[in-house]
Amino acid sequence: MQGNMFLHAMILTELEDAVGKENCSTREIDKITHSVDYYWLSRMWADRGEKMPQADFIVAPKDAQETSKVLKIANYYKIPVTTWGAGGGTQGGAIPVCGGIILDTKRMNRIYEVNTEGMYIECGTGAIYKHIEWAANEVGKSTMHFPSSLTCSTVGGFLAHRGIGVCSTKYGKIDDMVLQMEVVLPNGDIINTCSAPKHAAGPDLNQIFIGSEGTLGVITKAQIRIYDQPEERRFRGFLFQDMHGAFQASRELLQKFKPSVMRLYDEAETASLIKKIVGVERKGAFMNIAYEGVKEMVEVEEKILLETFKKYGAEDLGSEYGEKWWEEKITFFYPGHMMDIPQMFGTMDTIAPYGKIEEIYWAMKEAIETNFPQAKFIAHFSHWYEWGAMVYDRFIIEGKDVPQDPVEALRLHQAVWSCGVRAALAHGGVVNDHHGVGIKLGRLMKEQYGPAMQVFEGIKKTLDPNGIMNPFKLGL
Amino acid sequence: MIMSQKSKEHIDACRFCWMCHHICPVGNATGQERNTARARALGLSLVNRDTLQVEDVIDNVYECCLCGGCVGVCITGWDPVMFTKEARLQAALEDKLPAYINALVDNCLDTGNAYGVTELDGELQAAVAAHAAPTDTLLVLGVDARCKVPAQAVKAIRVLEKAGVSFTVLANEPATGWQMDFLVGAAEETKQQMAAAAQVMNGYKTVVLYDPNDAKCVKQTYHEYGVETTAKATTFTAFVAALLAEGKLEAARSDRAVVYQDPYQLARDLSETEEPREIIASYAVLGEMLCNRKETIAAGNLLMAEYIPQVMEQVAARRLFNAESVGADTLVTACVGEYAVLKAVPQDKVAVLSIEDLILG
């Protein structure tokens with residue numbers, strides 16, 4: 001595109017006409033800052049002083065109408081469009097690998113309505129999630145969506161990658177928290193999904209676009225559920241001798257009631273992160289449970305929790321560690337507490353039913369530690385259902401063992417990821433739980449879905465025949 | 001660009017961290033990714049690695065209002081304000097400042113204020129002249145009030161007059177140096193300006209600093225830069241709160257529902273949050289909006305309005321929206337610069353008042 005200055009200038013004027021000159025940039029600083037997200041490879045690339053692929057135009061529409069204009073221009077000229085929220089994604093989903101247009105959603109940050117009757121907030125998807133939490137708090141409510149990236153990711157970002165927060169067991173994932181959405185299709189048409197999220201009017205349009213990572217259109221507005229603040233939120237820390245007991249206890253507990261927070265740390269993570277942040281200096285598997293709601297219900301739930309976990313030999317550590325964990329739940333992710341370059345690291349979150357999840361953990365651990373002896377493997381299990389749980393497993397390779405050459409570092413990174421995720425798939429896991437696919441895991445989508453992948457490909461081909469929307473992401 | 005090792009460490013910590021995204025007044029107002037602390041750090045990290053040139057990032061370095069919101073929420077203690085100020089200083093030393101910043105610096109050096117104003121407004125001149133005689137107490141109005149919002153400067157004088165305070169105002173008030181510090185950080189010229197102002201202020205027992213920018217500069221930055229002051233420096237709001245407590249000002253409480261916009265210089269840097277509230281609660285019904293006290297979000301910067309006025313309007317508009325969201329019909333600020341920027345927003349939902357407006361009625 002840069003080689004054809006005439007056409008570049010022509011398209012720029014059309015984009016400026018669509019969104020306003022001040023909201024359309026070709027400045028180096030804008031291209032650079034939209035070329036590096038939280039994806040380890042993009043960070044490593046920048047750390048090595050290399051430039052990641054850049055967009056030709058950074059465009060920030062204010063609403064669906066302006067988004068529609070941009071997509072019509074992009075379709076006419078067949079220019080790739082990569083949607084960017086706040087850049088906090090870990091899978092490279094927002095990297096403009098083919099250049100073209102970055103469509104930054106953050107100007108679409110308006111909070112249109114806080115509806116305490118319908119119990120939702122209607123907002124632009126460029127709103128930082130913390131801001132809609134503040135809006136809910138102002139009327140005594142909460143979104144109950146508390147991911148570590150609460151302060152740094154947009155509503156659209158969570159929707160695009162099927163995000164999740166720490167209270168998911170009680171309140172659900174982001175895909176459970178949406179009522180209605182406004183979406184701009186690749187051809188520029190503006191559509192609305194059904195006014196209620198549960199219905200029998202055919203397949204669920206919400207769930208077609210949630211998790212589509214900008215490959216099928218741009219979500220521009222959403223109604224996000226809000227909840228009453230709990231009368232009481234209590235915490236209880238436990239130490240299990242091993243994780244097997246914790247799985248048995250948790251599965252039984254979830255047949256009785258749903259706590260809000262459930263987090264089980266394997267022995268390695270208990271001995272590292274939990275020791276550092278929460279202060280538990282004991283051998284075993286630390287588990288933190290929070291339960292909340294109406295006070296009388298919380299009393300009953302606490303009784304059930306203590307009785308159930310006692311049956312499986314859990315040591316009751318009281319409320320102190322759990323409260324400390326709640327206070328520090330985001331501390332884990334600040335530089336200085338979190339892994340960072342020059343380390344190589346990644347989180348291979350996967351999910352499976354109870355019959356498989358423990359086996360997956362051990363299989364992934366063995367695969368990583370056997371094939372990459374320089375890697376450390378730690379994990380916790382932080383999202384639980386009546387039927388199964390998610391393993392949030394991380395590999396960490398110290399900087400001295402990471403190649404300095406960026407291409408060699410990329411090769412190692414790809415190899416570790418392929419090894420770990422394939423181990424999960426081989427034992428019945430899913431390619432990802434809540435970070436999404438992006439460019440990082442796109443190659444593994446066909447291995448996950450096999451011939452079922454043609455369903456996604458068919459939808460993609462119909463909605464985006466020119467293939468302009470976020471190319472090479474999601475395996476599409 | 002030659003950056004200190006300390007700045008490089010902070011830059012490299014912040015370049016891939018988004019945790020303060022929600023608090024940045026500029027980034028959230030513009031919606032521009034480059035206005036986040038991490039983007040500024042990323043750009044500077046690439047300058048440090050010779051991937052980008054200073055010229056590629058310098059405009060962005062001046063889009064930060066140095067409010068320290070990001071610093072305040074960083075659990076680890078990384079400091080984007082520190083490295084942003086150092087980048088400004090280094091750009092100045094390497095003669096790579098944008099022309100619009102150079103012009104403001106030149107004004108500071110030539111006229112003592114970035115606006116290049118050489119003559120005071122007539123009404124203000126008269127008000128100042130009435131307090132030319134030496135006393136123990138010096139009221140420092142500051143460059144924003146004297147040059148850009150003279151009506152408020154006059155009101156500040158009237159408040160102290162109403163309380164029966166004997167005080168001096170200088171016709172040729174020296175610049176405290178906060179504008180130079182904002183523009184180019186700890187340059188030699190900045191320190192010289194500060195030292196000259198300190199020398200004048202040291203001739204008084206008490207110095208009352210009307211503008212929170214001056215208050216932060218004199219009470220905090222002077223100490224950091226090794227500029228000695230012997231006078232007792234106090235903020236205007238603390239001084240007035242004490243007058244009120246002593247019964248020297250008469251409280252007259254109305255039913256007006258107001259919220260207070262904490263200036264970050266007072267709340268975050270000087271830990272002064274309750275004195276302004278004591279004053280306001282004596283004249284109106286005080287409520288709170290989101291992000292108050294140390295978690296305050298800046299509502300604008302008059303100096304930045306010289307080169308990015310639309311952005312400052314967006315910043316102020318967001319804060320007015322916060323006030324409107326909690327049902328306030330009035331927002332009160334203790335910072336004359338924020339007052340001017342807030343007033344410039346075309347809207348009629350939330351009235352903007354200064355502390356002086358409230359007291360004088």
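In the predicted model, the centres of domain 1 and domain 2 of chain B, taken over C-alpha atoms, are separated by 30 Å. The contact between these two domains draws 6 residues from domain 1 of chain B and 6 residues from domain 2 of chain B. On the side of domain 1 of chain B that touches domain 2 of chain B, the residues comprise 3 nonpolar, no polar and 3 charged. The division of chain B as a whole is into domain 1 (5-97), domain 2 (122-241) and domain 3 (250-360).

Strand pairing in chain B was examined next. Strand S1 (residues 137-140) of chain B runs parallel to strand S2 (residues 206-209) of chain B, and 4 bridges join the two. Within this pair, B:Val140 is placed opposite B:Leu209 in S2(B). S2(B) also pairs with strand S3 (residues 232-235) of chain B, again over 4 bridges and in the parallel sense. Here B:Val207 has B:Ala233 of S3(B) opposite. Between S2(B) and S3(B) the chain passes through helix H13 (residues 212-225) of chain B, giving a β-α-β crossover that is right-handed.

A further set of strands in chain B forms an open sheet of 4 strands, with parallel pairing and the order S5-S4-S6-S7. Its edges are strand S5 (285-287) and strand S7 (351-354) of chain B, each of which pairs on one side only. From one strand to the next, the twist averages 40 degrees. Strand S6 (residues 330-333) of chain B and S7(B) run parallel and are joined by 4 bridges. In this pairing, B:Val332 has B:Leu353 in S7(B) as its bridge partner.

The contact between them involves 14 residues of domain 1 of chain A and 15 residues of domain 4 of chain A. The side of domain 1 of chain A that touches domain 4 of chain A consists of 7 nonpolar, 5 polar and 2 charged residues.

Helix packing in chain A is illustrated by one pair. Two packed helices are described by the angle between their axes and the distance between the axes. The axes of helix H9 (residues 243-254) of chain A and helix H11 (residues 295-311) of chain A cross at roughly 150 degrees and come within 9 Å. The crossing of H9(A) with H11(A) is right-handed. H9(A) contributes A:Ala249, A:Glu252 and A:Leu253 to the contact, which meet A:Leu305, A:Thr308 and A:Phe309 in H11(A). By class, the residues of this contact are 4 nonpolar, 1 polar and 1 charged.

The two chains also meet each other. Their contact takes in 34 residues from chain A and 29 residues from chain B. On the side of chain B that touches chain A, two or more residues are given by each of helix H3 (37-48) and helix H4 (54-61) of chain B. Of the elements on this side, H3(B) gives the most, with 4 residues. The side of chain B that touches chain A is made up of 15 nonpolar, 9 polar and 5 charged residues.

Conventions
Residues numbered from 1 in each chain as written. Chains lettered and ligands numbered in written order. Predicted model: local features only at pLDDT ≥ 70, side-chain atom pairs only at ≥ 80, totals over all residues. Axes fitted to C-alpha atoms, helices over the stretch in contact; angles between N-to-C directions. Left-handed = near helix turned anticlockwise from the far one by under 90°. Contact = placed C-beta atoms within 7 Å. Nonpolar A, V, L, I, M, F, W, Y, C, P; charged D, E, K, R; others polar. Pairing = 2+ DSSP bridges. Right-handed = clockwise from strand over helix to strand, strands pointing away. Domains from an automatic or database assignment.
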